[in-house]
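Please keep the sequence and the 3D view at hand.

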Amino acid sequence: MAPDGVLNGQSPTSDDFDPSVFFDGNLRATGMFIDRFGVVKRRFTVSAKGIAESSGITLYETFTYDDGEVEDRIWHIFKRTDNRFDGQTDDLASDCIGTVRGPLFSWSYHFYLKMFGRRVKVHFDDIMVRLTQDTVLNRARVSKWGFFLGDVHLTFQRLPDTLQPPSAR
């Protein structure tokens, strides 16, 4: 994926990606963290449930890591304008502001990440690409003091009870 989320110079779909619609319902994700040397350091799965609200969506996530660690996170995503979203979660160290550009959703924020038995402030640059109505590919660049630490890669899949019916696609 290119830094701007464009795959092979073309967007995968022409419809706008609305996080408050995609993340509404039950989702599952699989992912991994790849360090700056290209080594897979950690794999994980995510079970998530999004609940739509008038101002956006609340997303409840449970991460299960390959070493058995389990971590819960709750995101509150607020729709501010047609293409602008704000996010909040407990471990944020800065504002989390995102924008939509067609099938792409990107946001940037500082986050306190659990590393080495403590909380370390790092920077995330996320870009999500809606590949289909029911699948989103997410790549998050992680850095500290401007130095690249690695990438988090996730694939979100809507579960069958929340798939978009063909008529809504």
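**Strands, hairpins and a loop valine**

A hairpin links S4 to S5, with four residues joining the two strands. The model is predicted.

**S4 and S5**
- S4 pairs with strand S5, which covers residues 84-88.
- The pairing is antiparallel and runs over four bridges.
- Across this pair, Ile77 faces Gly87 of S5.

**S3 and S4**
- Strand S3 spans residues 56-65, and strand S4 spans residues 70-79.
- These two strands also pair in the antiparallel sense, here over nine bridges.
- Look for Tyr60 opposite Ile74, which sits in S4.
- S3 and S4 make a hairpin, with four residues between them.
- Gly68 lies in that turn and has a positive phi of about 95°.

**Val39**
- Strand S1 (25-35) and strand S2 (40-53) are separated by a loop, and Val39 lies in that loop.
- Val39 contacts Phe33 and Ile34, once neighbours within four places in sequence are set aside.
- Gly150 is 111 residues away from Val39 along the chain, yet their C-alpha atoms are 9.1 Å apart.

Note on methods
Residues are numbered from 1 along each chain as its sequence is written. This is a predicted model: local features need pLDDT of at least 70, side-chain atom pairs count only at pLDDT 80 or more; totals for chains, interfaces and linings use all residues. Side-chain values use heavy atoms; hydrogens and water are left out. Two strands pair if DSSP finds at least two bridges between them. Contact means heavy atoms within 4.5 Å.
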